[in-house]
Amino acid sequence: MKANIFPLNKLSFKKSLRSLWPKGKLIVLVVVIANLSACSSLGVEPWERDLLAKKEMALTSSPIDAALDDHIYFSKEASSGGKSFGGGGCGCN
Amino acid sequence: MAEKVLVAVAVGVTNDMNKKVKDTITKTNKKINLKASLSLAASALLGTSVVTAPVSHAKDADEWQFDSAFLVYSEVDRVSATEAIIAGTKTFDNDEVLSLKLTVDALTGASANGAIAQPMAQTFTRPSGNGQYVTPAGETPLDDTFKDTRVQLNAQWAQPLSDNITGSVGGHLSKEYDYLSLGVNGNLAYDFNRNNSTISIGLSYFQDTFTPEGGIPKPLSSMLIGDSSAPDWDAEFAKTRIGDSDDKSTADILVGFTQVINRRMITAFNYSYSMVDGYLTDPFKVISVINFDGIAQDYIYENRPDSRVKQSTFMQTKYHFDESLLNTVADISYRYMWDDWDITSHTIDTRFTIPVGRASYIEPHIRFYQQGAADFYQPYIIDDQKSVDFVSADYRIGEMTAVTVGAKYGVVLNGGNELSFRIEYYRQMPTDAGFVDPNGLNGLDKYPVVEAVIAQVSYSF
(Lines give C-alpha, C1' and ligand atoms only; values in the text may rest on other atoms or scores of the structure.)
Protein backbone atom coordinates (compact mmCIF):
# COMPACT_ATOMS: atom_id res chain seq x y z
CA MET A 1 0.00 0.00 0.00
CA LYS A 2 2.72 2.43 0.99
CA ALA A 3 4.46 1.99 -2.34
CA ASN A 4 1.31 3.14 -4.05
CA ILE A 5 1.02 6.28 -2.01
CA PHE A 6 4.75 7.13 -2.10
CA PRO A 7 5.97 5.66 -5.40
CA LEU A 8 9.65 4.82 -5.55
CA ASN A 9 10.00 4.62 -9.29
CA LYS A 10 8.36 6.03 -12.39
CA LEU A 11 6.39 2.91 -13.21
CA SER A 12 4.66 2.62 -9.85
CA PHE A 13 4.06 6.38 -9.87
CA LYS A 14 2.23 6.03 -13.17
CA LYS A 15 0.26 3.10 -11.81
CA SER A 16 -0.79 4.95 -8.70
CA LEU A 17 -1.74 7.97 -10.78
CA ARG A 18 -3.88 5.74 -12.95
CA SER A 19 -5.60 4.24 -9.92
CA LEU A 20 -6.28 7.65 -8.44
CA TRP A 21 -7.46 9.12 -11.77
CA PRO A 22 -9.31 6.73 -14.02
CA LYS A 23 -8.69 7.59 -17.66
CA GLY A 24 -12.10 9.18 -18.20
CA LYS A 25 -11.70 11.58 -15.30
CA LEU A 26 -8.24 12.58 -16.43
CA ILE A 27 -9.54 13.46 -19.85
CA VAL A 28 -12.34 15.52 -18.31
CA LEU A 29 -9.81 17.35 -16.13
CA VAL A 30 -7.59 18.11 -19.13
CA VAL A 31 -10.58 19.38 -21.11
CA VAL A 32 -11.76 21.57 -18.23
CA ILE A 33 -8.30 23.07 -17.73
CA ALA A 34 -7.90 23.59 -21.46
CA ASN A 35 -11.26 25.32 -21.58
CA LEU A 36 -10.50 27.53 -18.61
CA SER A 37 -7.21 28.61 -20.15
CA ALA A 38 -8.96 29.20 -23.47
CA CYS A 39 -11.44 31.42 -21.65
CA SER A 40 -8.66 33.76 -20.61
CA SER A 41 -8.29 34.78 -24.25
CA LEU A 42 -12.01 35.39 -24.55
CA GLY A 43 -13.84 38.46 -23.38
CA VAL A 44 -13.64 42.18 -23.88
CA GLU A 45 -11.94 45.22 -22.43
CA PRO A 46 -13.99 47.42 -20.09
CA TRP A 47 -14.51 50.02 -22.84
CA GLU A 48 -15.98 47.40 -25.18
CA ARG A 49 -18.99 46.67 -23.00
CA ASP A 50 -21.43 49.05 -24.66
CA LEU A 51 -23.66 46.29 -26.05
CA LEU A 52 -23.21 43.88 -23.16
CA ALA A 53 -24.30 46.59 -20.73
CA LYS A 54 -27.71 46.91 -22.33
CA LYS A 55 -30.61 45.62 -20.26
CA GLU A 56 -31.69 43.22 -22.99
CA MET A 57 -28.23 41.58 -22.94
CA ALA A 58 -28.49 40.64 -19.26
CA LEU A 59 -28.81 36.89 -18.80
CA THR A 60 -32.16 37.42 -17.09
CA SER A 61 -33.37 40.54 -18.84
CA SER A 62 -36.82 40.45 -17.25
CA PRO A 63 -36.71 38.88 -13.76
CA ILE A 64 -40.47 39.37 -13.30
CA ASP A 65 -41.32 37.42 -16.47
CA ALA A 66 -38.85 34.73 -15.42
CA ALA A 67 -40.47 34.41 -11.97
CA LEU A 68 -43.97 34.17 -13.45
CA ASP A 69 -42.90 31.61 -16.05
CA ASP A 70 -41.07 29.51 -13.44
CA HIS A 71 -44.23 29.39 -11.36
CA ILE A 72 -46.39 28.32 -14.32
CA TYR A 73 -44.06 25.60 -15.56
CA PHE A 74 -43.24 24.38 -12.04
CA SER A 75 -46.94 23.70 -11.48
CA LYS A 76 -47.63 22.17 -14.91
CA GLU A 77 -44.53 20.09 -15.69
CA ALA A 78 -42.22 17.64 -13.92
CA SER A 79 -39.11 19.81 -14.29
CA SER A 80 -38.08 23.00 -12.55
CA GLY A 81 -35.01 25.13 -12.00
CA GLY A 82 -31.84 24.81 -14.02
CA LYS A 83 -31.38 28.49 -14.66
CA SER A 84 -32.13 29.30 -11.04
CA PHE A 85 -33.20 27.35 -7.98
CA GLY A 86 -36.07 25.00 -8.67
CA GLY A 87 -37.00 24.36 -5.09
CA GLY A 88 -40.32 24.29 -3.27
CA GLY A 89 -42.37 27.37 -2.80
CA CYS A 90 -45.96 26.47 -3.53
CA GLY A 91 -48.37 23.61 -3.24
CA CYS A 92 -49.04 23.65 -6.94
CA ASN A 93 -47.08 20.51 -7.76
CA MET B 1 -20.95 49.20 -12.95
CA ALA B 2 -21.73 47.82 -16.37
CA GLU B 3 -18.97 45.25 -16.05
CA LYS B 4 -20.53 43.89 -12.93
CA VAL B 5 -23.69 43.05 -14.77
CA LEU B 6 -21.98 40.45 -16.81
CA VAL B 7 -20.33 38.61 -14.04
CA ALA B 8 -23.15 37.40 -11.91
CA VAL B 9 -24.75 34.06 -12.57
CA ALA B 10 -26.46 33.04 -9.36
CA VAL B 11 -29.94 34.25 -9.87
CA GLY B 12 -30.32 36.51 -6.91
CA VAL B 13 -27.12 38.26 -7.83
CA THR B 14 -27.96 38.46 -11.53
CA ASN B 15 -31.35 39.94 -10.92
CA ASP B 16 -29.98 42.53 -8.60
CA MET B 17 -27.25 43.46 -11.00
CA ASN B 18 -29.73 43.83 -13.81
CA LYS B 19 -31.28 46.57 -11.79
CA LYS B 20 -27.96 48.29 -11.60
CA VAL B 21 -27.72 48.50 -15.36
CA LYS B 22 -31.17 49.88 -15.37
CA ASP B 23 -30.07 52.50 -12.89
CA THR B 24 -27.32 53.64 -15.17
CA ILE B 25 -29.41 53.56 -18.30
CA THR B 26 -32.42 55.33 -16.89
CA LYS B 27 -31.05 57.51 -14.17
CA THR B 28 -33.54 60.21 -14.72
CA ASN B 29 -35.51 61.70 -11.94
CA LYS B 30 -38.80 59.90 -11.77
CA LYS B 31 -41.05 61.78 -9.48
CA ILE B 32 -44.20 59.80 -9.50
CA ASN B 33 -46.57 59.84 -6.60
CA LEU B 34 -47.01 56.08 -6.61
CA LYS B 35 -43.28 55.58 -6.54
CA ALA B 36 -42.88 58.08 -3.71
CA SER B 37 -45.50 56.25 -1.67
CA LEU B 38 -43.93 52.88 -2.32
CA SER B 39 -40.48 54.22 -1.44
CA LEU B 40 -41.83 55.49 1.84
CA ALA B 41 -43.56 52.20 2.54
CA ALA B 42 -40.43 50.21 1.77
CA SER B 43 -38.29 52.53 3.86
CA ALA B 44 -40.72 52.24 6.74
CA LEU B 45 -40.43 48.46 6.53
CA LEU B 46 -36.67 48.72 6.62
CA GLY B 47 -36.60 51.28 9.37
CA THR B 48 -34.69 53.72 7.16
CA SER B 49 -35.75 57.07 5.88
CA VAL B 50 -35.73 58.31 2.32
CA VAL B 51 -35.96 61.90 3.43
CA THR B 52 -32.96 61.88 5.74
CA ALA B 53 -30.64 60.09 3.33
CA PRO B 54 -27.59 62.13 2.33
CA VAL B 55 -28.12 64.19 -0.81
CA SER B 56 -25.06 62.73 -2.51
CA HIS B 57 -26.82 59.35 -2.72
CA ALA B 58 -29.81 60.77 -4.45
CA LYS B 59 -29.15 59.42 -7.92
CA ASP B 60 -27.52 56.03 -8.43
CA ALA B 61 -27.75 54.92 -4.86
CA ASP B 62 -30.69 55.47 -2.59
CA GLU B 63 -33.23 55.22 -5.37
CA TRP B 64 -35.88 52.54 -5.33
CA GLN B 65 -36.64 50.89 -8.65
CA PHE B 66 -39.93 49.06 -8.99
CA ASP B 67 -41.07 46.35 -11.36
CA SER B 68 -44.70 45.34 -11.30
CA ALA B 69 -46.79 42.91 -13.29
CA PHE B 70 -50.29 41.54 -13.51
CA LEU B 71 -50.78 38.17 -15.16
CA VAL B 72 -53.78 36.07 -16.09
CA TYR B 73 -53.29 32.38 -16.83
CA SER B 74 -56.36 30.69 -18.19
CA GLU B 75 -56.78 27.09 -19.29
CA VAL B 76 -59.61 26.08 -21.58
CA ASP B 77 -62.31 24.54 -19.31
CA ARG B 78 -59.87 24.14 -16.44
CA VAL B 79 -57.86 26.24 -14.01
CA SER B 80 -57.46 29.97 -14.24
CA ALA B 81 -55.08 32.00 -12.15
CA THR B 82 -54.40 35.67 -11.67
CA GLU B 83 -51.08 36.78 -10.28
CA ALA B 84 -49.79 40.21 -9.26
CA ILE B 85 -46.17 41.01 -8.46
CA ILE B 86 -44.44 44.09 -7.19
CA ALA B 87 -40.68 44.03 -6.74
CA GLY B 88 -38.54 46.85 -5.39
CA THR B 89 -34.78 47.15 -5.62
CA LYS B 90 -32.61 49.64 -3.84
CA THR B 91 -28.90 50.15 -4.38
CA PHE B 92 -26.99 51.44 -1.40
CA ASP B 93 -23.67 53.27 -1.18
CA ASN B 94 -21.19 50.41 -1.51
CA ASP B 95 -22.98 48.59 -4.32
CA GLU B 96 -25.10 46.77 -1.79
CA VAL B 97 -28.43 45.81 -3.30
CA LEU B 98 -31.64 45.03 -1.47
CA SER B 99 -34.53 43.42 -3.37
CA LEU B 100 -37.99 42.87 -1.96
CA LYS B 101 -40.78 41.14 -3.81
CA LEU B 102 -44.44 40.60 -3.01
CA THR B 103 -46.50 38.12 -5.06
CA VAL B 104 -50.21 37.49 -4.66
CA ASP B 105 -52.12 34.96 -6.72
CA ALA B 106 -55.55 33.44 -6.80
CA LEU B 107 -56.50 30.16 -8.39
CA THR B 108 -59.93 28.85 -9.32
CA GLY B 109 -61.37 26.23 -11.63
CA ALA B 110 -61.11 22.56 -12.33
CA SER B 111 -58.10 20.26 -12.29
CA ALA B 112 -57.72 16.68 -13.54
CA ASN B 113 -58.16 14.29 -10.59
CA GLY B 114 -56.15 11.49 -12.24
CA ALA B 115 -59.06 9.13 -13.06
CA ILE B 116 -59.61 8.08 -16.65
CA ALA B 117 -62.59 8.94 -18.89
CA GLN B 118 -65.34 6.30 -19.07
CA PRO B 119 -68.23 5.51 -21.43
CA MET B 120 -70.58 6.30 -18.55
CA ALA B 121 -70.88 9.09 -15.94
CA GLN B 122 -68.62 8.78 -12.88
CA THR B 123 -69.11 9.99 -9.31
CA PHE B 124 -66.22 11.15 -7.09
CA THR B 125 -65.97 12.37 -3.53
CA ARG B 126 -64.46 15.81 -3.03
CA PRO B 127 -61.01 15.84 -1.35
CA SER B 128 -62.56 17.46 1.74
CA GLY B 129 -65.01 14.57 2.09
CA ASN B 130 -67.90 17.04 1.94
CA GLY B 131 -70.04 16.12 -1.04
CA GLN B 132 -69.56 14.59 -4.44
CA TYR B 133 -69.24 15.62 -8.07
CA VAL B 134 -70.23 13.83 -11.25
CA THR B 135 -68.20 13.66 -14.46
CA PRO B 136 -70.33 13.12 -17.61
CA ALA B 137 -69.71 10.12 -19.87
CA GLY B 138 -66.72 10.43 -22.18
CA GLU B 139 -65.15 13.35 -20.29
CA THR B 140 -61.87 13.55 -18.40
CA PRO B 141 -62.71 13.72 -14.66
CA LEU B 142 -61.98 17.18 -13.31
CA ASP B 143 -62.25 18.20 -9.68
CA ASP B 144 -63.93 21.60 -9.80
CA THR B 145 -63.23 22.54 -6.18
CA PHE B 146 -59.75 23.79 -6.92
CA LYS B 147 -59.49 27.16 -5.20
CA ASP B 148 -56.61 28.87 -3.47
CA THR B 149 -55.07 32.22 -2.69
CA ARG B 150 -51.37 32.61 -2.13
CA VAL B 151 -49.17 35.35 -0.74
CA GLN B 152 -45.43 35.19 -1.23
CA LEU B 153 -42.65 37.40 0.11
CA ASN B 154 -39.04 37.35 -1.06
CA ALA B 155 -36.10 39.35 0.20
CA GLN B 156 -32.56 39.27 -1.17
CA TRP B 157 -29.46 41.15 -0.08
CA ALA B 158 -26.39 41.26 -2.35
CA GLN B 159 -23.09 42.95 -1.70
CA PRO B 160 -19.47 42.88 -2.84
CA LEU B 161 -17.34 40.90 -0.39
CA SER B 162 -14.07 41.83 -2.08
CA ASP B 163 -12.98 43.23 -5.45
CA ASN B 164 -13.85 39.96 -7.18
CA ILE B 165 -16.42 38.31 -4.98
CA THR B 166 -20.10 39.12 -4.66
CA GLY B 167 -22.26 37.45 -2.04
CA SER B 168 -25.97 37.37 -1.55
CA VAL B 169 -28.44 35.91 0.90
CA GLY B 170 -32.19 35.67 0.67
CA GLY B 171 -35.36 34.50 2.32
CA HIS B 172 -38.69 33.24 1.01
CA LEU B 173 -42.11 32.87 2.57
CA SER B 174 -45.17 31.60 0.76
CA LYS B 175 -48.55 30.99 2.41
CA GLU B 176 -51.63 29.42 0.94
CA TYR B 177 -54.80 28.32 2.65
CA ASP B 178 -53.44 24.76 2.84
CA TYR B 179 -49.70 25.22 2.27
CA LEU B 180 -46.76 26.96 3.93
CA SER B 181 -43.30 27.25 2.38
CA LEU B 182 -40.24 28.78 4.04
CA GLY B 183 -36.90 29.07 2.27
CA VAL B 184 -33.41 30.53 2.55
CA ASN B 185 -30.62 30.81 -0.02
CA GLY B 186 -27.03 31.96 -0.25
CA ASN B 187 -24.87 32.66 -3.32
CA LEU B 188 -21.24 33.49 -4.02
CA ALA B 189 -19.91 34.73 -7.35
CA TYR B 190 -16.20 35.07 -8.20
CA ASP B 191 -15.16 37.22 -11.17
CA PHE B 192 -11.88 36.81 -13.01
CA ASN B 193 -10.29 37.34 -16.41
CA ARG B 194 -11.01 41.11 -16.37
CA ASN B 195 -14.55 40.37 -15.21
CA ASN B 196 -15.21 38.37 -18.35
CA SER B 197 -15.57 35.09 -16.48
CA THR B 198 -17.54 34.26 -13.36
CA ILE B 199 -17.88 31.15 -11.30
CA SER B 200 -20.76 31.02 -8.87
CA ILE B 201 -22.23 28.66 -6.35
CA GLY B 202 -25.61 28.89 -4.72
CA LEU B 203 -27.37 26.88 -2.02
CA SER B 204 -31.02 26.95 -1.14
CA TYR B 205 -33.20 25.14 1.35
CA PHE B 206 -36.98 25.03 1.49
CA GLN B 207 -39.22 23.59 4.18
CA ASP B 208 -42.85 23.10 3.13
CA THR B 209 -45.89 22.00 5.11
CA PHE B 210 -49.02 20.75 3.36
CA THR B 211 -52.31 20.78 5.29
CA PRO B 212 -54.91 19.82 2.68
CA GLU B 213 -58.59 20.20 3.46
CA GLY B 214 -59.86 16.74 4.36
CA GLY B 215 -56.41 15.63 5.54
CA ILE B 216 -53.76 13.38 3.98
CA PRO B 217 -55.33 10.37 2.25
CA LYS B 218 -54.04 6.89 3.03
CA PRO B 219 -51.89 5.93 0.01
CA LEU B 220 -53.52 3.34 -2.29
CA SER B 221 -56.73 3.27 -0.23
CA SER B 222 -60.07 3.33 -2.08
CA MET B 223 -61.92 6.60 -2.44
CA LEU B 224 -65.09 6.41 -0.33
CA ILE B 225 -68.12 7.11 -2.49
CA GLY B 226 -71.70 7.24 -1.22
CA ASP B 227 -74.09 9.39 0.76
CA SER B 228 -71.95 12.01 2.52
CA SER B 229 -74.88 12.96 4.77
CA ALA B 230 -75.17 9.41 6.16
CA PRO B 231 -74.50 9.17 9.94
CA ASP B 232 -71.45 6.92 9.59
CA TRP B 233 -69.92 8.87 6.67
CA ASP B 234 -67.42 10.89 8.72
CA ALA B 235 -66.13 7.80 10.52
CA GLU B 236 -65.79 5.87 7.26
CA PHE B 237 -64.08 8.80 5.52
CA ALA B 238 -61.62 9.15 8.41
CA LYS B 239 -60.50 5.57 7.78
CA THR B 240 -59.10 6.72 4.42
CA ARG B 241 -56.96 9.41 6.12
CA ILE B 242 -53.56 9.14 7.83
CA GLY B 243 -53.18 12.63 9.26
CA ASP B 244 -53.87 16.34 8.91
CA SER B 245 -50.60 17.50 7.43
CA ASP B 246 -47.22 16.43 6.09
CA ASP B 247 -43.87 18.04 5.25
CA LYS B 248 -41.29 18.12 2.55
CA SER B 249 -37.83 19.65 2.34
CA THR B 250 -35.90 20.71 -0.74
CA ALA B 251 -32.14 21.34 -0.82
CA ASP B 252 -30.62 22.73 -4.01
CA ILE B 253 -27.04 23.29 -5.11
CA LEU B 254 -26.46 25.40 -8.19
CA VAL B 255 -23.03 25.83 -9.76
CA GLY B 256 -22.66 28.29 -12.61
CA PHE B 257 -20.08 29.59 -15.04
CA THR B 258 -20.56 32.70 -17.16
CA GLN B 259 -18.25 33.77 -19.97
CA VAL B 260 -18.23 36.89 -22.11
CA ILE B 261 -17.20 35.66 -25.55
CA ASN B 262 -16.88 38.98 -27.33
CA ARG B 263 -18.53 42.39 -27.58
CA ARG B 264 -21.75 40.80 -28.85
CA MET B 265 -21.97 37.48 -27.07
CA ILE B 266 -22.24 36.08 -23.56
CA THR B 267 -22.79 32.48 -22.45
CA ALA B 268 -23.76 30.74 -19.23
CA PHE B 269 -23.53 27.13 -18.05
CA ASN B 270 -25.24 25.81 -14.91
CA TYR B 271 -25.37 22.50 -13.16
CA SER B 272 -27.90 21.92 -10.43
CA TYR B 273 -28.50 19.14 -7.94
CA SER B 274 -31.74 19.05 -6.01
CA MET B 275 -32.80 16.72 -3.19
CA VAL B 276 -36.46 16.61 -2.24
CA ASP B 277 -37.53 14.59 0.79
CA GLY B 278 -40.84 14.02 2.47
CA TYR B 279 -44.43 14.06 1.26
CA LEU B 280 -44.22 14.22 -2.56
CA THR B 281 -47.60 12.64 -3.25
CA ASP B 282 -50.48 14.77 -4.50
CA PRO B 283 -53.29 14.26 -1.95
CA PHE B 284 -55.94 15.27 -4.49
CA LYS B 285 -55.03 12.68 -7.13
CA VAL B 286 -56.51 9.21 -7.61
CA ILE B 287 -56.00 6.48 -10.19
CA SER B 288 -58.75 4.37 -11.80
CA VAL B 289 -58.73 0.63 -11.19
CA ILE B 290 -60.39 -0.92 -14.25
CA ASN B 291 -61.43 -4.43 -15.26
CA PHE B 292 -60.44 -6.18 -18.50
CA ASP B 293 -63.32 -4.46 -20.27
CA GLY B 294 -61.91 -1.10 -19.30
CA ILE B 295 -64.69 -0.26 -16.83
CA ALA B 296 -63.70 1.47 -13.56
CA GLN B 297 -64.19 -0.70 -10.47
CA ASP B 298 -62.49 1.55 -7.95
CA TYR B 299 -60.46 4.74 -7.51
CA ILE B 300 -57.43 4.58 -5.25
CA TYR B 301 -55.33 7.44 -3.89
CA GLU B 302 -51.96 7.76 -5.60
CA ASN B 303 -48.64 7.12 -3.85
CA ARG B 304 -45.22 8.54 -4.80
CA PRO B 305 -41.80 7.78 -3.31
CA ASP B 306 -40.79 10.02 -0.38
CA SER B 307 -37.59 11.22 -1.99
CA ARG B 308 -36.53 12.53 -5.36
CA VAL B 309 -33.11 13.59 -6.62
CA LYS B 310 -33.18 15.88 -9.64
CA GLN B 311 -30.20 17.05 -11.64
CA SER B 312 -30.01 19.43 -14.55
CA THR B 313 -27.61 21.13 -16.88
CA PHE B 314 -28.49 24.46 -18.39
CA MET B 315 -26.83 26.40 -21.19
CA GLN B 316 -27.68 29.88 -22.39
CA THR B 317 -26.30 32.19 -25.06
CA LYS B 318 -27.20 35.78 -25.75
CA TYR B 319 -26.11 37.40 -28.99
CA HIS B 320 -26.48 41.02 -30.08
CA PHE B 321 -26.80 41.20 -33.87
CA ASP B 322 -25.70 44.27 -35.81
CA GLU B 323 -27.81 46.72 -37.77
CA SER B 324 -28.25 44.43 -40.74
CA LEU B 325 -30.43 42.33 -38.42
CA LEU B 326 -32.04 45.34 -36.73
CA ASN B 327 -29.83 45.10 -33.62
CA THR B 328 -31.85 42.10 -32.53
CA VAL B 329 -30.82 40.35 -29.32
CA ALA B 330 -31.19 36.57 -29.46
CA ASP B 331 -31.60 34.62 -26.22
CA ILE B 332 -31.35 30.86 -26.64
CA SER B 333 -31.20 28.31 -23.85
CA TYR B 334 -31.34 24.58 -23.41
CA ARG B 335 -31.96 22.56 -20.24
CA TYR B 336 -31.59 18.84 -19.75
CA MET B 337 -33.12 17.47 -16.55
CA TRP B 338 -33.00 13.94 -15.17
CA ASP B 339 -34.07 12.40 -11.86
CA ASP B 340 -34.20 9.12 -9.96
CA TRP B 341 -37.89 8.69 -10.83
CA ASP B 342 -36.68 8.04 -14.38
CA ILE B 343 -38.04 11.32 -15.68
CA THR B 344 -35.88 13.09 -18.25
CA SER B 345 -36.74 16.33 -19.97
CA HIS B 346 -35.49 18.70 -22.66
CA THR B 347 -36.37 22.38 -22.70
CA ILE B 348 -35.43 24.80 -25.48
CA ASP B 349 -36.31 28.43 -24.93
CA THR B 350 -35.76 31.17 -27.51
CA ARG B 351 -36.52 34.88 -27.47
CA PHE B 352 -35.63 37.58 -29.96
CA THR B 353 -35.74 41.15 -28.77
CA ILE B 354 -36.21 43.32 -31.86
CA PRO B 355 -36.07 47.10 -31.44
CA VAL B 356 -38.94 48.97 -33.10
CA GLY B 357 -38.25 52.66 -33.46
CA ARG B 358 -36.24 54.39 -30.78
CA ALA B 359 -38.17 53.51 -27.66
CA SER B 360 -40.00 50.24 -28.16
CA TYR B 361 -39.36 46.61 -28.94
CA ILE B 362 -41.15 43.45 -29.87
CA GLU B 363 -40.06 40.09 -28.48
CA PRO B 364 -41.28 36.83 -30.05
CA HIS B 365 -40.91 33.81 -27.79
CA ILE B 366 -40.95 30.10 -28.55
CA ARG B 367 -40.48 27.39 -25.94
CA PHE B 368 -40.38 23.67 -26.57
CA TYR B 369 -40.58 21.12 -23.76
CA GLN B 370 -40.51 17.33 -23.83
CA GLN B 371 -40.52 14.96 -20.86
CA GLY B 372 -40.47 11.20 -20.33
CA ALA B 373 -42.71 9.45 -17.80
CA ALA B 374 -41.83 8.61 -14.19
CA ASP B 375 -41.27 4.87 -13.74
CA PHE B 376 -44.38 4.59 -11.52
CA TYR B 377 -46.67 6.55 -13.86
CA GLN B 378 -49.67 4.62 -15.20
CA PRO B 379 -52.83 6.07 -16.77
CA TYR B 380 -54.88 3.43 -14.88
CA ILE B 381 -54.45 0.09 -13.06
CA ILE B 382 -55.96 -3.12 -14.38
CA ASP B 383 -57.68 -5.04 -11.57
CA ASP B 384 -55.17 -7.84 -11.15
CA GLN B 385 -52.14 -5.49 -11.13
CA LYS B 386 -53.29 -3.83 -7.95
CA SER B 387 -50.27 -4.83 -5.84
CA VAL B 388 -48.16 -1.76 -6.63
CA ASP B 389 -46.01 0.22 -4.23
CA PHE B 390 -45.88 3.51 -6.04
CA VAL B 391 -48.34 4.65 -8.64
CA SER B 392 -49.64 7.91 -10.05
CA ALA B 393 -51.84 8.78 -13.02
CA ASP B 394 -50.96 12.48 -12.82
CA TYR B 395 -50.33 13.45 -16.45
CA ARG B 396 -47.74 16.01 -15.25
CA ILE B 397 -45.32 13.16 -14.52
CA GLY B 398 -46.30 11.23 -17.65
CA GLU B 399 -44.84 11.47 -21.12
CA MET B 400 -45.61 14.84 -22.64
CA THR B 401 -44.64 17.48 -25.16
CA ALA B 402 -45.48 21.12 -24.58
CA VAL B 403 -45.09 24.22 -26.70
CA THR B 404 -45.35 27.89 -25.81
CA VAL B 405 -45.63 30.56 -28.51
CA GLY B 406 -45.99 34.21 -27.68
CA ALA B 407 -44.82 37.76 -28.03
CA LYS B 408 -44.12 40.75 -25.86
CA TYR B 409 -44.31 44.40 -26.80
CA GLY B 410 -42.54 46.95 -24.64
CA VAL B 411 -42.29 50.70 -24.81
CA VAL B 412 -40.09 53.07 -22.83
CA LEU B 413 -42.18 56.06 -21.78
CA ASN B 414 -41.05 59.56 -20.98
CA GLY B 415 -38.82 59.50 -17.94
CA GLY B 416 -37.55 55.99 -18.62
CA ASN B 417 -40.51 54.06 -17.21
CA GLU B 418 -41.31 50.94 -19.20
CA LEU B 419 -44.70 49.53 -20.04
CA SER B 420 -45.01 46.10 -21.65
CA PHE B 421 -47.65 43.62 -22.74
CA ARG B 422 -47.16 39.91 -23.19
CA ILE B 423 -49.49 37.32 -24.65
CA GLU B 424 -48.68 33.63 -24.99
CA TYR B 425 -50.34 30.40 -25.94
CA TYR B 426 -49.32 27.25 -24.04
CA ARG B 427 -50.26 23.78 -25.24
CA GLN B 428 -49.54 20.52 -23.37
CA MET B 429 -49.78 17.32 -25.36
CA PRO B 430 -49.59 14.24 -23.10
CA THR B 431 -48.67 11.11 -25.05
CA ASP B 432 -49.08 7.38 -24.68
CA ALA B 433 -45.94 5.88 -23.13
CA GLY B 434 -46.79 2.46 -24.63
CA PHE B 435 -49.77 1.17 -22.64
CA VAL B 436 -52.06 -1.36 -24.32
CA ASP B 437 -55.65 -0.39 -23.55
CA PRO B 438 -58.62 -2.70 -22.95
CA ASN B 439 -61.29 -2.42 -25.67
CA GLY B 440 -63.70 -0.59 -23.38
CA LEU B 441 -61.44 2.48 -23.47
CA ASN B 442 -61.53 2.70 -27.25
CA GLY B 443 -62.71 6.04 -28.52
CA LEU B 444 -62.10 7.79 -25.17
CA ASP B 445 -59.55 10.57 -24.85
CA LYS B 446 -57.01 9.13 -22.41
CA TYR B 447 -54.38 11.80 -22.95
CA PRO B 448 -56.32 15.06 -23.33
CA VAL B 449 -54.56 18.15 -24.60
CA VAL B 450 -54.41 21.10 -22.19
CA GLU B 451 -54.43 24.60 -23.66
CA ALA B 452 -53.83 27.85 -21.85
CA VAL B 453 -53.53 31.53 -22.62
CA ILE B 454 -51.15 33.72 -20.65
CA ALA B 455 -51.67 37.49 -20.72
CA GLN B 456 -49.49 39.93 -18.82
CA VAL B 457 -49.07 43.66 -18.33
CA SER B 458 -45.87 44.94 -16.73
CA TYR B 459 -44.81 48.39 -15.61
CA SER B 460 -41.36 49.37 -14.38
CA PHE B 461 -40.81 52.70 -12.68
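Modeller: Leaving aside neighbours within four places in sequence, P141(B) is in contact with S111(B), A112(B), N113(B), A115(B), I116(B), A117(B), Q122(B), F124(B) and T135(B). This is a predicted model. P141(B) sits in the loop between β5 (132-135) and β6 (142-160) of chain B. Its relative accessibility is 0%, under the 20% limit, so P141(B) counts as buried.

Of the 461 residues of chain B, 51% count as buried. Among the contacts in chain B with a separation of 6 or more, 63% are between residues 24 or more positions apart. The accessible surface of chain B is about 19,900 Å², and carbon and sulfur atoms hold 59% of it.

A charged pair within chain B comes next. R396(B) and D394(B) form a salt bridge through their side chains, with N and O 2.9 Å apart. R396(B) and D394(B) are each buried.

Chain A has 4 helices and 0 strands, so its order from the N terminus reads α-α-α-α. Of its 93 residues, 40% are buried. Chain A exposes about 5,400 Å², and 68% of that comes from carbon and sulfur atoms.

Now to where the chains meet. On the chain A side 51 residues are in contact with 90 residues of chain B. The area buried between chain A and chain B is about 5,900 Å², with 56% of it given by carbon and sulfur atoms. Within chain A, the residues that lose the most area to chain B are L59(A), K76(A) and F85(A), together 13% of what that side buries.

K76(A) can also be seen from the other chain. E75(B), which is in strand β1 (residues 64-75) of chain B, touches K76(A) as well as V450(B), E451(B) and A452(B), not counting residues up to four places away in sequence. E75(B) has a relative accessible area of 5%, which is under 20%, so it is buried.

Between chain A and chain B, 37 residue pairs are in polar contact, both residues being at pLDDT 80 or more. The elements that give two or more residues to the side of chain A that touches chain B are α3 (23-39) and α4 (63-76) of chain A. The largest share, 11 residues, comes from α4(A). By type, the residues on that side are 21 nonpolar, 18 polar and 12 charged.

Side chains of opposite charge can pair when their charged atoms come close. Over all chains, a search of the whole structure finds 25 salt bridges, and 9 salt bridges lie across the interface of chain A and chain B. In one of the pairs between the chains, the side chains of E418(B) and K55(A) meet with N and O 3.2 Å apart.

R263(B) and D50(A) form another salt bridge, at 2.8 Å from N to O. This pair crosses between chains: R263(B) is in the loop between β12 (246-262) and β13 (265-278) of chain B, and D50(A) is in the loop between α3 and α4 of chain A. R263(B) is partly exposed, with a relative accessible area of 34%, and D50(A) is also partly exposed, with a value of 41%.

A further salt bridge links R351(B) with D69(A), the closest N and O atoms being 3.3 Å apart. R351(B) is in strand β18 (residues 344-356) of chain B and D69(A) is in helix α4 of chain A, so this pair joins two chains. R351(B) is buried at a relative accessible area of 16%, and D69(A) is buried at 5%. R351(B) and D69(A) belong to a network of salt bridges that also links D65(A), E77(A), D349(B), R367(B), K408(B), R422(B) and E424(B).

Conventions: Residues numbered from 1 in each chain as written. Chains lettered and ligands numbered in written order. Predicted model: local features only at pLDDT ≥ 70, side-chain atom pairs only at ≥ 80, totals over all residues. Heavy atoms only, no water. Buried < 20%, exposed > 50% of the residue type's maximum accessible area, 1.4 Å probe, protein only. Areas by Shrake-Rupley, 256 points an atom, 1.4 Å probe, with all protein chains shown as cover. Contact = heavy atoms within 4.5 Å. Buried area = accessible area lost by both parts, 1.4 Å probe. Salt bridge = Lys/Arg side-chain N within 4 Å of Asp/Glu carboxyl O. Polar contact = N/O pair within 3.5 Å; in protein donor to acceptor, adjacent residues only side chain to side chain. Nonpolar A, V, L, I, M, F, W, Y, C, P; charged D, E, K, R; others polar.
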